[in-house]
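Open the model in a viewer and keep the selection tool at hand. The stops below say what to select next and what is there.

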Amino acid sequence: MAKYGEGDKRWIVEDRPDGANVHNWHWAETDCLEWSRNLLSKLLNNLKVLDGEGNLFIKINKVEKVEGEAYVNVRKGKIIPGYELNVVLSWQGEAKDSEGNSLLKVDGSVEIPYISDENADEDTEIRVTVKDDGPIGKTLKDAMFSKGKPVVEEKVRVYVQSMAKGGPAKEELESKKVEKRVQPLVGASVKNAGSVAPVVEKEVKKEVKKEVKKEGFKSISLTEKFSCRAKDLFEILMDENRWKGFTQSNARISKEVGGEFSIFDGSVTGRNLELQEGKLIVQQWRFGNWPDGIVSKIWECNCGGEY
């Protein structure tokens with residue numbers, strides 16, 4: 001093995017100034033933890049929960065802690081978010097009598113123990129604590145939970161939706177989109193302009209995909225051999241929870257013939273055409289960016305027996 005700096009340059013993979021991840025084809029990952037802290041703070045800081053209802057005044061002061069991981073992966077232009085966060089908020093409450101005199105002021109905390117891409121469609125779990133356990137303190141705590149939970153859930157949904165759209169990578173994705181542009185011919189005369197116009201029109205039509213051309217479509221045959229039992233492979237491919245774990249993205253998979261499925265956060269959708277337990281899966285697939293009416297028929301787990 002050559003020493004560092006002494007290797008043949010022909011074998012060295014290095015960053016090039018002219019390099020470009022065209023159409024975001026290659027896998028790219030963006031760390032979103034600090035961005036998540038900033039967004040959650042913006043959404044939850046100084047947030048009123050109750051403003052006099054039942055003579056109670058409650059507000060969330062600020063986000064005290066955001067721990068865990070958050071990232072956005074991009075592959076072939078598709079956004080695949082992943083996050084597992086623990087969030088702690090501080091809150092304060094005050095109870096007044098009917099004349100507006102303060103009865104008690106309390107401080108407390110709200111913990112959101114698990115904000116994750118795996119439970120993005122589920123209700124948010126929150127835990128409320130208060131530093132005063134007296135009767136009025138308990139009333140304020142219960143009010144913070146009952147009235148504050150939907151408020152917190154709404155803000156968490158905004159965060160989840162922002163991550164699904166790419167989080168901090170969204171602007172980068174937009175800036176990296178490769179747009180087709182027809183460059184004018186330098187020095188072209190008026191006489192040549194007539195011959196250039198049809199070419200420009202053709203390119204524009206192709207860019208906006210007004211016409212769906214089916215020429216050039218081919219059938220591709222690929223065979224892979226897996227050293228496992230056929231029924232195990234069948235179960236893996238039809239298990240949406242395993243899809244979620246393997247791809248770090250949302251998935252919904254019907255196990256019925258004619259049932260629909262959605263994987264990679266909805267980037268790929270389709271339906272089951274034929275299912276034979278432990279032997280055969282025939283599905284109709286399509287990517288979200290394909291023109292309308294274009295689908296692909298795929299055979300998977302075409303096994304005649306057990307391994």
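**Stop one: Gln248**

Select Gln248, which is partly exposed, with a relative accessible area of 25% (buried is under 20%, exposed over 50%, partly exposed in between; 1.4 Å probe, protein chains only). This is a predicted model, in which local features need pLDDT of at least 70, side-chain atom pairs count only at pLDDT 80 or more, and totals for chains, interfaces and linings use all residues. Residues are numbered from 1 along each chain as its sequence is written, and side-chain values use heavy atoms, with hydrogens and water left out.

Gln248 sits in the loop between helix H6 (240–247) and strand E7 (252–253); helices (H or I, at least four residues) and strands (E, at least two) are DSSP runs, numbered from the N terminus. The phi of Gln248 is positive, about 55°, although Gln248 is not a glycine. Most residues other than glycine have a negative phi.

**Stop two: Asp265**

Go to the loop between strand E8 (260–263) and strand E9 (268–276) and select Asp265. Asp265, not a glycine, also has a positive phi of about 55°. Asp265 is partly exposed, at 30% relative accessible area.

**Stop three: cysteines**

Select Cys32, which is buried at 0% relative accessible area, then Cys228, which is partly exposed at 27%. The structure has zero disulfides (a disulfide is a pair of cysteine sulfur atoms within 2.5 Å).

**Stop four: Glu84**

Finish at Glu84 in strand E4 (residues 78–96). Glu84 is partly exposed, with a relative accessible area of 35%.
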